[in-house]
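Open the model in your viewer and get ready to select residues.

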Amino acid sequence: MNKYDAVIVGAGFSGLYMMHRLRERGLSVQGFEAGSDVGGTWYWNRYPGARCDSESLSYSYSFLPELDQAWHWPERYSEQPEILKYINHVATTLALREHFEFNTRVSSASFETTTNTWCVGTEHGEQLTARFLIMATGCLSMPNWPKIAGIDDFRGERFHTGLWPHDGVDLRGKRVAVIGTGSTGIQSIPRIASQAEELFVFQRTANHCVPAHNSPMDAEAEQAYKSRYAEMREAARRSMSGDVVREAYINIMDLGDAELHEELDRTWALGGFYTQYPYTDLLTSHEANERVAEYSCNHIRSRVRDPRVAELLCAKDHPFATKRLCADSFYFETFNESHVHLIDLKATPIHAIEAAGVRTSERLHEVDVIVFATGFDAMTGALTRVDLQGTQGQMLREVWQQGPVNYLGLGVAGFPNLFTVTGPGSPSVLTTMVSSIEQHVEWIDECMDWMGNRGATRIEATPDAQTKWVDYVNQSGNATLFPEANSWYVGANIPGKARVFMPYVNGLNIYRDQCDAVADEGYTGFEIS
Ligand code: NAP
């Protein structure tokens with residue numbers, strides 16, 4: 001059986017950087033990736049309109065300053081092919097591909113207490129051992145196919161946005177159903193509408209949106225950013241959001257109506273989904289939140305011609321930004337087109353999928369294609385799908401049945417030498433992902449280096465530190481309005497999943513300091529031997 005210092009699962013932004021760091025230190029590392037090439041999220045999500053809601057100049061690695069200067073992002077917000085091109089370039093330049101086995105899922109891993117190693121198995125029956133197992137499997141990587149009766153009876157074509165065919169799908173002249181109106185639906189619906197003969201949008205919950213205001217990259221703005229890249233990167237590292245946006249400088253309830261209107265006009269004109277960061281009380285005060293939600297709805301009312309449709313598109317059942325905010329590019333205007341129909345699933349729920357289309361309580365909507373923009377088993381799904389077995393033979397999925405438990409979002413009691421990159425209990429999805437990924441990868445690498453220098457072979461979160469961390473993360477989340485929404489942040493999109501607010505809300509800056517303090521004090525909260 002082959003023996004390695006580490007196994008890395010996943011070749012997205014996390015796995016690639018992790019591989020680079022460990023290889024630079026001369027460790028033997030084997031990577032596995034389910035896809036046929038690198039890219040992770042950006043490998044799989046190729047649906048029409050797939051684009052990053054974080055700005056291109058900040059959504060990239062910060063550890064390659066020369067590439068920062070050389071790389072040109074053509075748009076303010078990059079489309080999926082541009083981001084994949086960047087990731088491919090990095091993987092090629094740093095010669096990372098050769099350390100990954102592609103088209104291979106890790107299916108099992110069990111910790112051997114006698115040797116302090118992980119025994120890792122793949123779906124193809126390979127077995128290998130490694131001192132460390134690093135799950136760089138992403139927060140939004142396990143597609144959610146909803147359990148709708150008759151789904152297999154459909155005679156036409158069906159696609160999940162997170163598993164979009166690599167050679168594209170020709171929707172011209174077709175009657176298309178899109179189920180789901182989260183970030184993905186909102187990005188793809190205008191593009192699908194531009195091709196389809198007829199489009200039926202099945203909306204269960206309207207989502208809060210801010211305008212993206214995407215545009216070609218402004219040469220002057222690009223140059224100005226590049227001239228200060230190091231400073232911008234440092235500001236991002238030290239920020240709550242992991243990005244360079246103004247943060248926590250306005251208390252909404254201190255503003256009169258006219259002042260607030262002016263302030264939100266300014267924010268909406270800037271665009272981008274960081275609307276939640278400038279405001280101190282947006283996510284703690286219902287009253288403040290409702291004022292912003294009302295402003296947002298008025299925008300929709302001014303953009304959608306049919307007042308009934310406009311009202312349906314206004315999110316009313318959860319506070320603003322308590323589900324991941326969506327960034328829209330002509331989404332609302334799409335519903336002014338005569339071939340686009342909004343179906344309100346609250347009024348007329350889906351009863352079944354039939355051979356000819358989607359049957360709601362009202363009627364059968366006959367379609368040729370169904371697009372499932374129905375999201376992911378987020379944050380835990382990619383981890384609990386693997387048979388991860390700890391020191392007592394316990395499965396991670398059993399340990400996490402009542403919600404994920406871990407320490408710092410990085411390690412789990414009972415699962416020594418296992419690290420999760422951007423795991424639940426870390427800031428991850430509430431920040432610009434690449435910033436959070438880099439913080440985790442660097443912390444893990446430094447921890448492994450520290451252990452190596454001391455001849456330590458085993459690190460494990462203590463149950464006590466884990467309990468305190470989970471309580472702290474839960475209490476921090478519960479002090480906000482976030483848990484009120486039936487979002488994937490709380491697992492509400494997956495029937496039967498425990499309802500726990502999973503991300504860490506206090507910001508990447510505070511989190512980074514906490515992780516650094518743990519390391520500086522000799523990895524307090526971990527037992528090392
Ligand atoms: P999502 O936010 O979970 O949205 C899924 C949609 O499908 C929701 O509208 C949901 O309705 C609906 N749905 C699920 N099951 C259904 C059912 N059985 N019947 C009818 N409707 C159903 O998933 P997503 O849009 O793929 O986005 C997930 C996350 O990916 C985003 O929040 C974001 O973090 C990330 N993302 C990022 C970018 C980017 O810019 N980088 C782009 C796209 C996505 P309910 O709301 O009622 O559950």
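Which polar backbone atom lies 2.9 Å from an oxygen atom of the ligand? Select Thr-181: the backbone atom belongs to this residue. The pair is a polar contact (N or O atoms within 3.5 Å).

Keep in mind that this is a predicted model, where local features need pLDDT of at least 70, side-chain atom pairs count only at pLDDT 80 or more, and totals for chains, interfaces and linings use all residues. Residues are numbered from 1 along each chain as its sequence is written, and side-chain values use heavy atoms, without hydrogens and water.

**Stop one: the ligand**

Now pick Trp-488. Here a polar side-chain atom lies 2.9 Å from an oxygen of the ligand.

Helices here are DSSP runs (H or I, at least four residues), numbered from the N terminus.

**Stop two: the second largest pocket**

Move on to the second largest pocket, with a volume of about 710 Å³. Its lining has 34 residues; Glu-55, Arg-76, Val-244, Val-245 and Leu-270 are the closest to the centre. A pocket is an open set of points on a 1 Å grid over the protein atoms alone, where a 1.4 Å probe fits, with protein on both sides within 12 Å along at least five of seven lines; lining residues have an atom within 4 Å of a point. The volume is the space filled by probe spheres set on the points.

Finish on helix H8 (257-270). H8 gives the most to this lining, four residues.

Conventions:
A polar contact is a pair of N or O atoms within 3.5 Å; within protein, one must be able to donate a hydrogen and the other to accept it, and residues adjacent in sequence count only if both atoms are side-chain atoms. Helices (H or I, at least four residues) and strands (E, at least two) are DSSP runs, numbered from the N terminus.
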